[in-house]
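Here is a short briefing on how the parts of this assembly meet. Please keep the structure open while reading.

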2 protein chains.
Amino acid sequence: MNEKVVPTSKAEKIGRYHHGNLKETLLEAAQAELADQGIEKLSLRAIAKRAGVSHAAPAHHFGDVNGLLTALAARGFGMLMAAQKLRLDTARPDPVSQLVALGLGYIDFATANPAMFRLAFSSKRPNFDDPGLHEPAKLAYDMLGDGVSALRDQSPASDLAVMADVASMWAMVHGLGDLLASGRIKYLQALTAEECEAVLIEIIRRAMPSLEKS
Amino acid sequence: MNEKVVPTSKAEKIGRYHHGNLKETLLEAAQAELADQGIEKLSLRAIAKRAGVSHAAPAHHFGDVNGLLTALAARGFGMLMAAQKLRLDTARPDPVSQLVALGLGYIDFATANPAMFRLAFSSKRPNFDDPGLHEPAKLAYDMLGDGVSALRDQSPASDLAVMADVASMWAMVHGLGDLLASGRIKYLQALTAEECEAVLIEIIRRAMPSLEKS
DNA sequence: GGGTATATGTTGACGCTGTCAAGATAATTT
DNA sequence: AAATTATCTTGACAGCGTCAACATATACCC
């Protein structure tokens, strides 16, 4: 819509009064600032400065700082799902391997982006009633739900046992991701990547439903 | 040491220039403020006001705000262990029941004190190199380690498999506690307390070592 | 096209925050 | 009793998020 109006061809629009793509630029600046400073030292003014814009500019696009964090958390769930899909594609197609891949992708995201993981799962600042955040959060949850359902070959919404399985899988990979993201399982991080992944896979499998009686 | 010097017999010492027990009072005020406001809205000045003291008084006892949060997190690990011991005492004495009790106590603490749980496990503000925090944190970790070792009847430090078992148990109860503390497993919290606990026990057992080959 | 409305960004101010320095007061020591 | 130390208050400072007022660019409408 604004592509034909903007004279500069690239994304370099510094110096112009109207930025043209500030909303996205602010989100990327916020993501970088989050990774650098962590969520507890995050500052709206520092984000604005990083984006090369005045301290009050973000208000026009996100309202207040929590609005920006809401949009950023939504982006976080997108990154989570991307990490999981990456694992899904390279994993074997059987339901067990696919479910393990979902868990490994979850842990990948947590360890690669600990601050973003915190924002998405351990912060009250994003507004989870906002549809823009609630929707991707639900999508991410459904990925795990579908993975478990594929294992059981049942519908997840009705069966209480399947929901317990989802809780089990989710809690296990979430706990692993959270503890690894905060560097609390030292011995695991001291292993090689292959050894570590083998241990993680073995642990993730424990959370799966036993399936013997079905 | 100061008991004989302080004329007022009770803990009510408001109005006097020297408080007499400010360090403990500040910690309790901080705990109450943390429960009320959450860690992200926590304010040192509000804590001082709650303790009935000037905004700069905490500095003499804790240095800066992170020093106070370090002491508060140490208190959090004490509460965690207290919750676990409460469960241990009322559980059956066999190793499996005791280990499940440790997990339920962990979850009890997380759901009863979500903000304190966040401070102890998901915040970078407390200084975990401080011996006053590192020590109780290690004690809490060792409780789980001992519980798993009792199950295996092996020494936890040497055996890599036991450390994987500890990681498994820890991640599972930590994940359950974290997700429940942030209200993300809605269907579990919709159950009665007995039903919920039954599901939790079943899930916790999944994280345990299988033990069949030993 | 031209003029007006709207969207977008800046500036300055406000109260709040954590921290520091300086001063006041109580407790301890000598 | 005097001096020292520990404890608490006061006042200042920069940085924070938010708001109102203003500036400028884009979009819309005739």
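Predicted model: local features only at pLDDT ≥ 70, side-chain atom pairs only at ≥ 80, totals over all residues.

**Symmetry of chains A and B**
- Chain B superposes on chain A by a rotation of 180 degrees, with 0.0 Å of shift along the axis. The RMSD is 0.0 Å.
- The two copies are therefore related as by a two-fold rotation axis.
- Among the residues of chain B, B:Gly175 comes closest to that axis, with its C-alpha at 1.9 Å.
- Both copies use the same surface: 100% of the contact residues of chain B recur in chain A.

**Contact between the chains**
- In this contact, 29 residues of chain B meet 29 residues of chain A.
- On chain B, α6 (114-121), α8 (160-181), α9 (186-189) and α10 (193-207) each supply at least two residues of the side that touches chain A.
- α8(B) provides the largest share of that side, 12 residues.
- By class, the side of chain B that touches chain A has 15 nonpolar, seven polar and seven charged residues.

**Surface near DNA strand C**
- There are 25 residues around DNA strand C. A:His19, A:Ser54, A:Ala56, B:Leu44 and B:Asp64 come nearest.
- Helices from both chains take part: α3 (58-62) of chain A, and α2 (44-50) and α4 (65-90) of chain B, each supply at least two residues.
- α2(B) gives the most to this surface, with three residues.
- The surface near DNA strand C divides into 12 nonpolar, 11 polar and two charged residues.

Note on methods
Residues numbered from 1 in each chain as written. Chains lettered and ligands numbered in written order. Near = placed C-beta within 6 Å. Helix = DSSP H or I, 4+ residues; strand = E, 2+ residues; numbered from the N terminus. Nonpolar A, V, L, I, M, F, W, Y, C, P; charged D, E, K, R; others polar. Contact = placed C-beta atoms within 7 Å. Least-squares fit on C-alpha atoms with pLDDT ≥ 70 in both.
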